[in-house]
Amino acid sequence: MILPLFWAFATLSLLAIGGANAVLPEMHRLLVEVHGWMDDATFGQLFALAQAAPGPNILAASVMGWNIAGPAGLAAATLGMLLPASVLAWCVAGLTARLAKSPWLKPAQFGLVPVAVGLIAASGVIMAEAAGNGWLPWVVIAASAAFVWRTAFSPLWVLAAGGVLGFVFL
Amino acid sequence: MRLRELFLGYAKIGLLGFGGVAVIARHVIVEERRWLSERDYAEVLGLGQVLPGPNVGNAAIMIGRRFRGLAGALAATAGLYAAPLCILVSLAAFYDAFGQDPHVAPVMRGIAAAAAGMVIGMALKMGTKLKPPVELIGVGLLALLAGAWLRLPLPVIVLGLGPLGIWLSLRRARAA
């Protein structure tokens, strides 16, 4: 059980271009449909929980491992999800260090920046569509975007304010 | 940079990263601790985005390695994941009681709205501070369009627009 679990998440790790959300459909297919390790509802709840809790969303894999096989499952899923991608990132970092003197490295790397920023904006828009039911959430979304864009204060202030406004008005 | 600083900086990012860690990671690394400039961080994040795995996690490996080699990469990664992992497991343990509390849902809705705005604000901030040339702004808008409206799979967007961005950026560097 533990080894197949590790391999399932290691495969997902290398498919996860763009992060956890990119492999959500494949994760669902593997865990629910192929292996039958959990049902549909549990999968959805655990993913929502990982989104709500602090930390990288990729940790959804860890709670799913925990749910499937306890502490050993947690370890297998977390290592499976992090190890292959981390080794790859390590090697690429080494490559960029070796090419640091090359005049085309920086421009080439800068060419990837708009893709990253555009995809960050896209995930913000998708989150906003999901969260924006009613006028108050849209006010919070707009105010929060302006705050983070125009000030250098910690983004935690808007999260706290959003939580308080939600508690009082929603 | 000491290993301790790397670990603690990333532990802060992990612990305070509600609704995704991207926004708080940039805030801590660029604005608060000034480990990297806006442009340096954007370049690391760009690479982290096209590689498989979480972009902030990949960036942690690369930044840790840049400052302190293997020990740095391990310290940054451990800092990023350790505390949230503990919190998540404890939450999962009593999720049923927690998730159904009627006071929790509206708070979570408010936080979700704020988190969405935060992510949009961060993209606007990086875009305006980095002042990319017009053709790269075009690539960024295409990525936004493909991700948010067309809902294309991320690997397709990255593999399609990544080479385009690199080509345009190299072309401009050669012309300069």
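1. In H6(A), A:Pro114, A:Val115, A:Val117, A:Gly118, A:Leu119, A:Ala121, A:Ala122, A:Ser123, A:Val125 and A:Ile126 meet B:Leu136, B:Ile137, B:Val139, B:Gly140, B:Leu141, B:Leu142, B:Ala143, B:Leu144, B:Gly147 and B:Ala148 of H7(B). Contact requires C-beta atoms, placed from the backbone, within 7 Å; helices are DSSP runs (H or I, at least four residues), numbered from the N terminus. These residues divide into 16 nonpolar, four polar and no charged. Ala, Val, Leu, Ile, Met, Phe, Trp, Tyr, Cys and Pro count as nonpolar, Asp, Glu, Lys and Arg as charged, and the others, Gly among them, as polar.

2. The model is predicted: local features need pLDDT of at least 70 and side-chain atom pairs pLDDT 80 or more, while totals for chains, interfaces and linings use all residues. Residues are numbered from 1 along each chain as its sequence is written, with chains lettered from A and ligands numbered from 1 in the order written.

3. The axes of H6 (residues 113-131) of chain A and H7(B) come within 7 Å and cross at roughly 35 degrees. Axes are lines fitted to C-alpha atoms over the stretch in contact, with angles from 0 to 180 degrees between N-to-C directions.

4. Overall, the contact takes 83 residues from chain A and 90 residues from chain B. H6(B) gives the largest share of the chain B side, 23 residues. That side has 64 nonpolar, 21 polar and five charged residues.

5. B:Arg34, in the loop between H2 and H3 of chain B, has a positive phi of about 55 degrees. B:Arg151, in the loop between H7 and H8 of chain B, also has a positive phi of about 55 degrees.

Technical notes
Two residues are in contact if their C-beta atoms, placed from the backbone, lie within 7 Å. Helices (H or I, at least four residues) and strands (E, at least two) are DSSP runs, numbered from the N terminus.
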